[in-house]
Amino acid sequence: MRFDHDSLPQRVRFASGGAAESLAAEIEQLGVSRVMVIAGEREKNLARHVAGDLPVVVWHHEVVMHVPVDVAERARDAAAEADVDLLVCVGGGSTTGLAKAVALTSGLPIVAVPTTYAGSEATNVWGLTEASRKATGVDARVLPRTVVYDAELTLGLPVDMSVASGLNALAHCVDSMWGPRADPIDRAFAGEGIRALRIGLPLVVEEPQGLEGREHALYGAYLSAVAFASAGSGLHHKICHTLGGMFDLPHAQTHAVVLPHVLALNAPHAPEAEDRIAAAFDADSALAGLQRLRAELEAPRALKDYGMDEAGIPEAAEAVLAAVPAGQPVPVTAESIARLLHDAWAGVDPR
Ligand code: NAD
């Protein structure tokens with residue numbers, strides 16, 4: 001066994017019902033006194049609930065998916081004008097993404113309070129969109145200093161969004177098995193992430209107001225993101241990134257639909273990943289495990305349901321082909337990718 005592995009420096013405070021207390025402890029520990037809270041309109045009340053007692057000088061509620069550059073600029077201006085010394089973001093990946101955009105240019109520390117399973121809080125990856133093109137990059141400044149997990153804040157996340165977001169986390173785990181920098185530590189995190197999500201997500205569907213499923217799902221989402229930040233994007237993420245940009249598709253749902261198709265393509269050529277994923281699902285094969293879970297969750301099936309245009313498939317296949325990452329277990333061609341995209345578009349069973 002021979003590998004190099006970087007662990008990202010970050011504190012995690014995990015306590016259901018404990019977000020306000022965890023945030024207060026962080027303010028004390030960091031010695032800050034001018035907080036900017038970033039939370040979208042829908043998460044405004046959650047943010048007031050957990051950050052109401054902090055020394056907040058700016059409440060910022062303009063949050064847009066994929067962080068358009070003009071939205072980022074306005075948030076950066078607000079932070080600079082109020083001379084803030086800490087960013088607290090309360091929300092899903094879009095909200096964390098906006099805090100990262102501010103941190104990227106200002107170097108301000110972030111304390112992230114996630115309310116979905118997107119996992120952006122545990123990565124050093126930023127994303128910004130300009131003229132429909134999404135640019136991403138890696139920068140140590142955007143890694144939140146601390147993550148505050150409080151499963152109570154996720155109780156209001158609708159079941160369909162919880163399922164899609166949870167499968168987005170699962171996709172981080174699966175792609176971490178063969179990402180360009182995947183190593184045994186990433187695979188260990190990813191395997192435990194799959195196990196936690198496999199247990200948590202059905203409980204969320206069964207009892208959306210129950211904490212047990214929500215806690216497992218958040219824990220799994222964190223592990224998935226840690227694995228993914230280290231392993232890097234595999235084919236699955238390159239496909240979803242391309243489709244999201246070209247067809248303006250919703251992030252989590254796109255991941256949920258595409259994942260079984262990439263797993264069916266790659267797993268037969270990646271025996272270690274196949275064994276680990278199957279074991280994590282406690283299933284006969286990786287794909288059988290994923291499909292059993294998807295059936296239980298009534299997961300999203302077809303990209304055409306989210307407005308993807310079939311006519312764009314050949315162009316999308318070429319774009320994916322140009323981005324195939326190192327470590328991809330089986331060679332792909334424009335035809336094989338187009339076939340996969342068509343299956344995902346139509347919602348047929350993966351081959
Ligand atoms: P999102 O943040 O856009 O949230 C989706 C919807 O759920 C929104 O309408 C939001 O208001 C609502 N919502 C969030 N939390 C809620 C709650 N607790 N109760 C009720 N409603 C709630 O979507 P997302 O899937 O969390 O994040 C997607 C974005 O994150 C994409 O832009 C993606 O590229 C980015 N992302 C980045 C990374 C990274 O490492 N940089 C990783 C994963 C995702």
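A quick definition before the first stop: a residue counts as near a molecule or strand if one of its heavy atoms lies within 4 Å of it. Now show the ligand and the 21 residues around it; S94, T115, T116, T123 and K134 come nearest.

Before clicking further, know that this is a predicted model, where local features need pLDDT of at least 70, side-chain atom pairs count only at pLDDT 80 or more, and totals for chains, interfaces and linings use all residues. Residues are numbered from 1 along each chain as its sequence is written, and side-chain values use heavy atoms, with hydrogens and water left out.

**Around the ligand**

Select S94: a polar atom of its side chain sits 2.6 Å from a ligand oxygen. Next pick T116, where a side-chain N or O atom is 2.6 Å from an oxygen atom of the ligand. Then try L153, and look at the backbone this time: an N or O atom there lies 3.0 Å from a ligand nitrogen.

**Two domains**

Where do the two domains meet? Select the 19 residues of domain 1 that are in contact with 23 residues of domain 2, contact meaning heavy atoms within 4.5 Å. Together the domains bury about 1800 Å², 69% of it on carbon and sulfur atoms. Buried area here is the accessible area (1.4 Å probe) that two parts lose on being put together, summed over both. On the domain 1 side, click F14, Y117 and Y149: they lose the most area to domain 2, together 35% of what that side buries.

Look for polar links next: four residue pairs are in polar contact across this interface, both at pLDDT 80 or more. That term means a pair of N or O atoms within 3.5 Å; within protein, one must be able to donate a hydrogen and the other to accept it, and residues adjacent in sequence count only if both atoms are side-chain atoms.

Finish with H66, which has a positive phi of about 70 degrees although it is not a glycine. Then jump to D248, another non-glycine with a positive phi, about 55 degrees. Most residues other than glycine have a negative phi.
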